[in-house]
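Subject: Structure for your files

Hello,

Here is the structure, with notes on its disulfide and ligand site below it. Please look it over when you have time.

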Amino acid sequence: MKNKEWPKHSILAIAVIATWLTTYVVYKTAFSITIDNALQEFILFLNPLSLLLFLYGGALFFKSKKARNRYIVAISVITTIILYGNVAFYRFFTDFITLPVLFQTDNFGDLGSSAAASIYWTDIFYFADIIIIVLAMFLIKEQDSTVKAAASHRKAYFVLSAAILFFNLGLAEAERPQLLTRSFDREMLVKNLGMYNYHLYDIYIQSKSQAQRALADGSELTEVTNYVRSNQAEPSAEMFGKAEGRNLIVVTLESLQTFTLNNEMNGQTITPFMNELTEDEDTIYFPNFYHQTGLGKTSDSEFLLETGLYPLSGGAVFFTHSGNEFNSMAEKMGNEGYSTNVQHANTKSFWNRDMMYESMGIDKFYDIQSYTVGEGQAVNWGMKDIPFFEQSVDHMTEMEQPFYSRLLSLTNHHPFTLDEEDKLIDEYDSNSGTLNRYFQTVRYLDEAVKSLFEDLKEQGLYEDSIIVMYGDHYGISDNHNAAMEQYLGKEITPYESAQLQKVPLFVHIPGYGEGHVNEEVGGQVDMRSTILHLMGMETDKDMQFGGDLFSEEHEEFVIFRDGRFVTDEYVYAANVCYENGTGEPVEDQTLCDPYAERAIQELQYSESIINGDLLRFYDDQSGQLKTIEESEQP
Ligand code: GP9
Ligand code: MN
């Protein structure tokens, strides 16, 4: 073989192929990446290629063979370290590395102690590409090995690598729309972009927020504090402490919109149990309550609930700012002696929850690993809500009391598919399969909520608890307006579309006896104060935007994440000021102006808190800005 000459750049080609295939084999053996169809498998196979071509392509600029070979080996070593680092990390955390975890020292402590246990001699395989490349360098003699590649060849080479990248991104976009803007799950990013591109993307996201953070200082908070204090509402004397000392159970009702409640679909009741609740003597039901989420969907609603801040206009705050300091509801409850947790039968890295929950001071996350999904117990996105609630209540029996446990349901999620036996009503008959099936999954969710109440009673947890339930965001987007018009029997104007952002809120206090329908106009940002006050905890020193829905002083002014807003008098959407109630544009359009200005202002304040990580300069015990020394302490 030594005598036979191989074509020019054979080593480069071997290096690209060796690392590419090694990466793919590692994907398939070291990680459990779920693949649902052939296209996804193809994307997974293709995704390492573009960046590897690009990186190894640097070799084309070297004249000396020695320097070129060194460069190629260096690239293979770097890519292997990245790959192997993820393998070792994954063994322990079932997750891919993201920049912030490298700086979270406590995480690393765990990793260090288990590192030895996570490394096996068979791991030598992960270095297969380096071995192949080095062997090739010894064994193969290339033609013209001392001549640099022609400029035109180099150009063609890099155009090819860029073309593959765009092809890859195009396929990923088709497979996962809004992958980058929503960036919901690391596994999905790795699956669609590839391990190496994912890390570049992660570095970009993290450095962007780090730069904004570095430029911020506490002085920006002074103005925000003034604004927050001047808009604060006193707690309602009647409701303050109503649920003091009880366990707090907060249930997120996936994709549930208010229009399904107390309503029928082709003569069939959609939510029989929740309808009863709206009239129940222990329940306060809010029919004029709106979601305020953006691209982060469920996670945005969790953010609103826990922090009383607005989520971000671009991207999911759970992903972009999980390293921030927060004064979450969970942390506050924890300080008052509550054990706190979230229960959700999905992978923990979805929406970066594992990282964010830690930042929010939530004690424990019962993710999919905490559940046994029996035969027939999974549909659509995963575990069905009924067994999920049942096992979650089982977990509650083990929890230290009083507890604050948050349950995230999942079955009523797009594309709203169900097993035959769980379809309790018929499909609707519009041209939108999504809307048609939505009624059935909402009906299932209603049944699941009913079973949750029964489970709690059976386990003796009901009486000592307060149960708050809220819809996280819309389930039916504006893309289905034609079908919705058929169902609602009216045109969907921007006014109606804003009304469709209503999601239900229930506050259920066993033994309360004075249940009623509360018409107050409110939004998810209000949940934090409302709940904390019910639990007998003050919020007057907190840096947050919500108000207590029970308070006399609560202002009926709900700001949507996209700048639309609703007050008791007006609805502002598509730059038109409508009269709330009739849906007619008001004659004097300037009547909305003061609110429109405040809406922008408030969203900006919230955004500056998040982007600047400003709560690190804020002392939530005293409600004062910290001194420089205080804020530098960890
Ligand atoms: C996934 C669940 C649903 O874990 O929260 O996410 P969504 O798509 O509704 O944001
Ligand atoms: Mn959701």
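C577 has 0% relative accessibility and is therefore buried (under 20% relative accessible area; exposed is over 50%, partly exposed in between; 1.4 Å probe, protein chains only). C592, also at 0%, counts as buried too.

This is a predicted model, in which local features need pLDDT of at least 70, side-chain atom pairs count only at pLDDT 80 or more, and totals for chains, interfaces and linings use all residues. Residues are numbered from 1 along each chain as written, chains are lettered from A and ligands numbered from 1 in the order written, and side-chain values use heavy atoms, without hydrogens and water.

The whole structure holds 1 disulfide (cysteine sulfur atoms within 2.5 Å). The bond links C577 and C592, with an S to S distance of 2.0 Å. C577 sits in strand 20 (residues 576–579) and C592 in the loop between strand 20 and helix 23 (593–611), so the pair ties together parts 15 residues apart in sequence. Helices (H or I, at least four residues) and strands (E, at least two) are DSSP runs, numbered from the N terminus. The S-S torsion is about 75°, so the disulfide is right-handed.

Ligand 1 has 13 residues around it, of which T298, H344, N346, R353 and H413 come nearest (near: a heavy atom within 4 Å). For a polar side-chain atom of W351 the distance to a ligand 1 oxygen is 3.0 Å.

Regards

Conventions: Polar contact = N/O pair within 3.5 Å; in protein donor to acceptor, adjacent residues only side chain to side chain.
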